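Subject: Structure handover

Hello,

Here is the structure I said I would pass on. My notes on it follow below.

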Amino acid sequence: MRLTRTTPIEAGKISADLLEMLGLGESITAHCDNTREYDNSRNNALYVRRNKPRLDGHTYEITTNNLNNTVTVKVVEGKL
């Protein structure tokens, strides 16, 4: 799996710590090599969004593409 932000990131998976480093409007994309990595990345992103809310009130927008096995997580303004 390859993770990209503005530059490639040396990380093996989408994690809460990795997502906390993103600022408003920034995103990270996981380019997965197979369906197992794709499902794992998608489930990790959904878990973090549901169970580990950001302290700044923003939230995560998760976009998936199962044709090219990518998962993109973007930080967006939280709903009040």
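What pLDDT does the chain average, and what share of the residues score at least 70? The average is 85, and 85% of the residues score at least 70; pLDDT is the predictor's confidence in each residue, from 0 to 100. This is a predicted model, in which local features need pLDDT of at least 70 and side-chain atom pairs count only at pLDDT 80 or more, while totals for chains, interfaces and linings use all residues. Residues are numbered from 1 along each chain as its sequence is written, and side-chain values use heavy atoms, with hydrogens and water left out. Confidence is lowest in strand β2 (residues 8–9), with a mean of 52, and highest in β4, at 95.

Overall layout

The chain has 2 helices and 5 strands, in the order β-β-α-β-α-β-β along the sequence. Helices (H or I, at least four residues) and strands (E, at least two) are DSSP runs, numbered from the N terminus. Of the 80 residues in the chain, 31% are buried; buried means under 20% relative accessible area, exposed over 50%, and partly exposed in between (1.4 Å probe, protein chains only). Among contacts (heavy atoms within 4.5 Å) between residues at least 6 apart in sequence, 55% join residues at least 24 apart.

The core

The largest nonpolar core has 17 residues. Such a core is a set of buried Ala, Val, Leu, Ile, Met, Phe, Trp, Tyr and Cys residues joined through side-chain atoms within 4.5 Å. Residues with the most contacts inside this core include I14, I28, I62 and V71. At least two residues each come from α1 (16–20), β3 (27–31), α2 (35–51), β4 (59–65) and β5 (70–76), and α2 gives the most, with 4. In soluble globular proteins, nonpolar side chains tend to be buried together.

Helix α2

With its 17 residues, α2 reaches 24 Å from its first C-alpha to its last, close to the 24 Å expected at 1.5 Å a residue (the expected span is 1.5 Å times one less than the number of residues). Its buried residues are Y38, S41, N44, A45, L46 and V48, and they pack against α1, β3, β4 and β5. The N-terminal end of α2 is capped by N34, which has a side-chain oxygen 3.2 Å from the backbone nitrogen of R36.

T59 is in strand β4 and is partly exposed, at a relative accessible area of 24%. T59 and V75 are 16 residues apart in sequence, yet 5.8 Å apart in space, C-alpha to C-alpha. Beyond four places in sequence, T59 touches R49, R54, K74, V75, V76, E77 and G78.

N69 lies in the loop between β4 and β5 and is buried, with a relative accessible area of 14%. Phi of N69 is near 55 degrees, a positive value in a residue other than glycine. Most residues other than glycine have a negative phi.

T70 is in strand β5 and is buried as well, at 11% relative accessible area. Leaving aside neighbours within four places in sequence, T70 is in contact with residues including T29, H31, Y38 and N65.

Regards

Technical notes. A polar contact is a pair of N or O atoms within 3.5 Å; within protein, one must be able to donate a hydrogen and the other to accept it, and residues adjacent in sequence count only if both atoms are side-chain atoms.
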